[in-house]
Amino acid sequence: MPPRRPTISQTRKPQQARSTELVAAILEAAVQVLAREGIKRFTMARVAERTGASIGSLYQYFPNKAAILFRLQSDEWRQTTDMLRTVLQDQGRSPSERLRALVRAFIRSECEEAEVRVALASVAPLYRDAPEGQEARAAGDQIIEAFMMEALPGVSDATREAATDLIMTTMATLGKEFSESPRMSAEIDAYADAMADMFCAYLEALQRKRG
């Protein structure tokens, strides 16, 4: 029999401003502990200590550390979906300009939150199949699919799907690898621009083949 998964839902939701502020402080403290201590030293006690609250206060809202990690991951899912929507649905920009903006935002986000992302990835099996994750991925996929139909009008579905997979996989893989070392702001932008140049040239080549 597989081991029982820990509860990952919050014990209760904050109802008052003071409670909301406490939950926000708990989550901010959790991010700091992850960034400085890593997932192996991540405990409720360390989060409580950094929050400045009693550990009992944490248990009022989160039954265990897995629930805190899941909340952080859920927030990251929402932020990613919001970023995709804001950048890719901006009709004031051309598809190539939106793609470039997405790559820049994604690579910068990867570098700024590298420690936390690595820690969350290491416990992903706890919540990989959670409904929240499936909903976030579905929403993000829809936004990307609509953008790619606009960026590659007239090409076959198979070609568009292959292009989407190549761009998103390359961006995620290289972004993770690039973020594993500390980077200066100018270095991040230069790397993102080079990647965007490559993607834009690829889409242009697909359009020429169609013509």
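What volume does the largest cavity have? Before I answer, please keep in mind that this is a predicted model, and that the values I quote are computed from it. The largest cavity has a volume of about 50 Å³, and the structure holds one cavity of 30 Å³ or more.

Let me stay with that cavity for a moment. The residues that line it are Leu-88, Leu-99, Leu-102, Ile-144, Phe-147, Met-148, Thr-164, Ile-167 and Met-168, and by class they divide into eight nonpolar, one polar and no charged. Helix H5, which covers 95–112, supplies at least two residues of this lining, and so do H7 and H8. That brings me to how these three helices pack.

I will take H7 with H8 to begin with. Helix H7 spans residues 131–151 and helix H8 spans residues 157–178, and they pack at an angle of about 120° with their axes 10 Å apart; the two are therefore oblique to each other. The crossing in which H7 passes H8 is right-handed. On the H7 side the contact is made by Ile-144, Met-148 and Met-149, and on the H8 side by Arg-160, Ala-163, Thr-164, Ile-167 and Met-168, a set made up of six nonpolar residues, one polar and one charged.

From H5, Leu-99, Leu-102, Val-103, Phe-106, Ile-107, Glu-110 and Cys-111 take part, and they meet Ile-167, Met-171, Ala-172, Gly-175, Lys-176 and Phe-178 of H8. By class, this contact has 10 nonpolar residues, one polar and two charged.

For H5 and H7, the axes come within 10 Å and cross at roughly 140°, which makes H5 oblique to H7. Here the crossing is left-handed, and the residues that meet are Pro-95, Arg-98 and Leu-99 in H5 with Phe-147, Glu-150 and Ala-151 in H7. Four of the residues in this contact are nonpolar, none is polar and two are charged.

Now to the open spaces. The largest pocket has a volume of about 1,200 Å³ and is lined by 34 residues, with Glu-76, Trp-77, Thr-80, Phe-106 and Arg-117 lying nearest its centre. Which helix gives the most to this lining? That is H4, with eight residues, while H4 (65–88), H5, H6 (114–122), H7 and H8 each supply at least two. The lining divides into 17 nonpolar, seven polar and 10 charged residues.

The second largest pocket has a volume of about 300 Å³. Its lining comprises 14 residues, of which Val-31, Leu-72, Gln-79, Glu-113 and Val-116 lie nearest the centre, and helix H1 (17–37), H4 and H6 each contribute at least two residues to it. By class, that lining has six nonpolar residues, one polar and seven charged, whereas the lining of the largest cavity has no charged residues.

Key:
Residues are numbered from 1 along each chain as its sequence is written. This is a predicted model: local features need pLDDT of at least 70, side-chain atom pairs count only at pLDDT 80 or more; totals for chains, interfaces and linings use all residues. Side-chain values use heavy atoms; hydrogens and water are left out. Axes are lines fitted to C-alpha atoms, for helices over the stretch in contact, and angles run from 0 to 180 degrees between N-to-C directions. Helices (H or I, at least four residues) and strands (E, at least two) are DSSP runs, numbered from the N terminus. Angles under 35 degrees count as roughly parallel, over 145 as roughly antiparallel, 65 to 115 as roughly perpendicular and the rest as oblique. A crossing is left-handed if the near helix is turned anticlockwise from the far one by less than a right angle, and right-handed if clockwise. Contact means heavy atoms within 4.5 Å. Ala, Val, Leu, Ile, Met, Phe, Trp, Tyr, Cys and Pro count as nonpolar, Asp, Glu, Lys and Arg as charged, and the others, Gly among them, as polar. On a 1 Å grid over the protein atoms alone, a cavity is a set of points where a 1.4 Å probe fits but cannot get out, and a pocket is an open set with protein on both sides within 12 Å along at least five of seven lines; lining residues have an atom within 4 Å of a point. Grid points are joined across faces, edges and corners, and a volume is the space filled by probe spheres set on the points.
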